[in-house]
Amino acid sequence: MPANSSLGKRTVWCVEWREHPDAVTRLAAIADVWGEMTGAENADLHTFLRDVLDHHMPRLVDPESGAFAMCSHGHQSPEPITTVKRGQGAPSTAPR
């Protein structure tokens with residue numbers, strides 16, 4: 001679902017975000033750092049925003065290259081992740 005950010009740029013968020021492996025990985029990383037910082041005595045919200053959220057959010061919500069770019073008009077399943085096992089030449093499609 002497209003949305004306007006406070007900066008006036010278009011952004012895309014997918015209500016089915018759990019179906020996007022890149023989004024799940026990035027959101028887990030954000031949550032991990034947040035958990036570490038909130039437990040720290042010298043937690044620095046500015047550093048968290050600058051170094052973590054400002055880094056990951058564009059990679060999630062950018063309408064052209066973000067994890068949800070295909071979902072600007074509703075959820076679209078991402079392409080399956082391909083894997084290559086050692087000793088095999090051609091990639092195989094991982095089951096979902």
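Predicted model: local features only at pLDDT ≥ 70, side-chain atom pairs only at ≥ 80, totals over all residues.

Modeller: Residues are numbered from 1 along each chain as its sequence is written, and side-chain values use heavy atoms, with hydrogens and water left out. The chain has an average pLDDT (the predictor's confidence in each residue, from 0 to 100) of 81, and 76% of the residues score at least 70. Confidence is lowest in strand S1 (residues 2-4), with a mean of 51, and highest in H2, with 94. Helices (H or I, at least four residues) and strands (E, at least two) are DSSP runs, numbered from the N terminus.

A search of the whole structure gives 2 salt bridges, each defined as a side-chain nitrogen of Lys or Arg within 4 Å of a carboxyl oxygen of Asp or Glu. One joins arginine 26 to aspartate 22, with the closest N and O atoms 3.4 Å apart. Both residues belong to helix H1 (residues 21-39) and are 4 residues apart, about one turn of the helix. Burial is judged by relative accessible area: buried is under 20%, exposed over 50%, and partly exposed in between (1.4 Å probe, protein chains only). Arginine 26 is buried because its relative accessible area is 18%, whereas aspartate 22, at 38%, is partly exposed.

Arginine 50 forms a salt bridge with aspartate 51, where the closest N and O atoms are 2.7 Å apart. Arginine 50 is partly exposed at 44% relative accessibility, and aspartate 51 is partly exposed at 42%.
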